[in-house]
Structure formats: structure tokens, C-alpha cells
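Here's a quick look at a few packing details in this model. Have the chain open as you read.

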Amino acid sequence: MKKIPQTDAIFDQVHKVNQEADADETMLRISLDAKAPIRVGLFSRGGLNRVVVKGLDHDFHGKTPQITPFGIYLPQQGELYLYFTASKVTSDFIVDCLTDFWTTVRERYPTVATLVINLDNGPENHSRRTQFMQRITQFVDHFQLAVQLAYYPPYHSKYNPVERVWGFLEQHWNGSLLDSVETILHFARTFSFRKVKPAVHFVTKPYSAGARLTQQEMRQLEQRFQRLRGLGKWFVRITPASLAYNV
């Protein structure tokens, strides 16, 4: 496994942040990430099935439709929220899903003032991605909820708790033909992870990649961030503007 400088320090800090969040009733830890896109069609996926199925071994008809699962998982509570899209998994898509999730659960967590988010430093949600950081800051201000981003280092995504979901989901539809969006959503709704069924949503809104801030806009936005010294790329805290200005 390839290692990068400071990997041990990053892991130690992620562990520290997670422990603090799990022990504090004013903090809620979630884990989020997307799975690899799923080809929709009569394609052989290998594996075993009680019913004999026959699928194509490759695409004969040009571009293949795809659907991408995106997960938000609460490690301590064992809750799972799955969002599926046929569009692109962009910064806007990620924060829209996060907004839908928090709108759904916030009344159950009246004491929570900080959301701790475990995630990978992927292309659409890393802490230097201007559109993501702008949208997550808007999320913070809208809900008056602080956010602590805690990233796992590259090549170590398997440690992000939501990553454990994808292998079990693959086993659930093992050997089946995922020939339509409805079929995929049906399998998702009948899936259980640690004996808990997920909330499943299909997002129909289209998303386009490429949105970004100018350098000047990002420099101004950067003033809102509290980056951990020496590990600023991996650990970022964002406080609501109303609170930040009163400090």
C-alpha cells in the first residue's frame, strides 16, 4: 500500500476527532462517500443467484446508462441514508444530499451543535475544492451548525466507515441483473446493513461539473476556515458566521 508523508499523524488525528465526537452529545459524527457507478442493463455481474440469469458480457449498444450510489452513514447509530443519481456526483450534489439528510434528522438531535464529517479527499469534496467549500459554508450558515471536516488520507479510503456498506450491498444483489433504475432501487430498499434498512432516495436533479470560485473569492472564503496547523488540508472547522463574528 502506497504511503504519503504524515499518514500516521493524519490517522491519529482522525481517531482523536472521532473519539471526541462520539463522546460528546453536542456533536454528531457521520461518514459519507460515493460508490463506483453501476452500469444499468442486462450485464453479467458474476456471483451466484438462486434463479438462473443470462446477461451480456459487454455493452453492444454504445454508451451505457449508469447510476451512482452515495451514502451517508452514522457509525454510532447504525443508520444509513442512500442517495442514487444518474447525473454527476458533484460538490453541489454532495451538499444537496447532506442538506436533505440533516433536514430529515435534525429534530432528533436537538443538542447537536457540530457535525463531524468523515470523508475521503476526493476530487469533488476535498478541502481545496472551491465549490464544495463554498456550499458546505452555506450549509453551516443556513442551519447554524458548525462542521468539522476530518479526511482520511489517500489510498486508505477503506477506513472511512461508509465504505463498509458497499461490499455488503454488492453481496445483496450478487449475481442479479441490474437492468433498470427501479431494480437497483428495489435492491437498495430490501438491503439491510447491520440489521438496519437504509432510507433510499433517487435524486432526479441534473448536476454539471466545473463550478468553481475565483481565486479572490476563495481567499475571502478561506477566512472562515479553521485549519489544523500542519494538517490543514485534512482537518477543517467551519463555524456559523453569526458565531464567528462574535468571537
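## Arginine 39

Arginine 39 sits in strand β2 (strands are DSSP runs of E, at least two residues, and helices runs of H or I, at least four, numbered from the N terminus). Its relative accessibility is 33%, so arginine 39 counts as partly exposed (buried is under 20% relative accessible area, exposed over 50%, partly exposed in between, with a 1.4 Å probe and protein chains only). The C-alpha atoms of arginine 39 and serine 180 are 9.3 Å apart, though 141 residues separate the two along the chain.

## Where these values come from

This is a predicted model, where local features need pLDDT of at least 70 and side-chain atom pairs count only at pLDDT 80 or more, while totals for chains, interfaces and linings use all residues. Residues are numbered from 1 along each chain as its sequence is written, and side-chain values use heavy atoms, leaving out hydrogens and water.

## Helix α5

Helix α5 covers residues 181-189, and its buried residues are Thr183, Ile184, Leu185, Phe187 and Ala188. They pack against β2 (38-39), β3 (66-74), β4 (79-85), α4 (163-172) and β7 (199-203), contact meaning heavy atoms within 4.5 Å.

## α2 against α3

Helices α2 (residues 91-105) and α3 (residues 130-143) pack at about 20°, their axes 9 Å apart. That makes the pair roughly parallel (angles under 35 degrees). Axes here are lines fitted to C-alpha atoms over the stretch in contact, with angles from 0 to 180 degrees between N-to-C directions.

Residues meeting across this contact include Trp102 from α2 and Phe139 from α3.

Conventions:
Angles under 35 degrees count as roughly parallel, over 145 as roughly antiparallel, 65 to 115 as roughly perpendicular and the rest as oblique.
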